[in-house]
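My comments are set out below as numbered points.

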Amino acid sequence: YDAETVAQKLRDHGLFIGFAPYDKPEIVVAVIGENGEHGSAVAPIAGSIMQAYLDKYHGEQDGDN
């Protein structure tokens, strides 16, 4: 659909699910953006949550995990 022609309250919800670190997962994060239209709109939120977890329990990371 054309988002410009649909009322915001009727737009699709955005969903992103991720885990970290890749080799030995310790954390899973699911973020739902109400009327967010797609998962990439809420992915930065999930990334921030996972990075904060990794920083707290594994020290500062370089962002390449």
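The points that follow take up a surface patch and then a loop residue.

1. Since this is a predicted model, the remarks below describe computed features of the coordinates as they stand. On the surface, a nonpolar patch is formed by L15, I17, F19, Y22, V28 and I32, which together have about 730 Å² of accessible area.

2. As to where this patch comes from, the elements that give two or more residues to it are β1, spanning 14–20, and β2, spanning 27–33. The largest share, three residues, is that of β1.

3. F19, one of the patch residues, lies in strand β1. With a relative accessibility of 45%, F19 counts as partly exposed, because that class covers values between the 20% limit for buried residues and the 50% limit for exposed ones.

4. Turning to the loop between β2 and α1, the latter spanning 43–58, one finds N35 there. N35 has a relative accessible area of 15% and is therefore buried, given that the term applies under 20%.

5. What lies around N35, once its neighbours within four places in sequence are left aside? The residues in contact with N35 are then Q8, K9, L10, R11, D12 and H13.

6. A polar atom of the N35 side chain lies 3.3 Å from the backbone oxygen of Q8, and for the backbone oxygen of K9 the distance to a polar atom of the N35 side chain is 3.2 Å.

Key:
Residues are numbered from 1 along each chain as its sequence is written. This is a predicted model: local features need pLDDT of at least 70, side-chain atom pairs count only at pLDDT 80 or more; totals for chains, interfaces and linings use all residues. Side-chain values use heavy atoms; hydrogens and water are left out. Patches are made of residues with over 30% relative accessible area and no salt bridge: like charges are joined within 9 Å, nonpolar side chains (Val, Leu, Ile, Met, Phe, Trp, Tyr) within 5 Å. Accessible areas come from the Shrake-Rupley method with a 1.4 Å probe; for residues, only the protein chains shown count as cover. A salt bridge is a side-chain nitrogen of Lys or Arg within 4 Å of a carboxyl oxygen of Asp or Glu. Helices (H or I, at least four residues) and strands (E, at least two) are DSSP runs, numbered from the N terminus. Buried means under 20% relative accessible area, exposed over 50%, partly exposed in between (1.4 Å probe, protein chains only). A polar contact is a pair of N or O atoms within 3.5 Å; within protein, one must be able to donate a hydrogen and the other to accept it, and residues adjacent in sequence count only if both atoms are side-chain atoms. Contact means heavy atoms within 4.5 Å.
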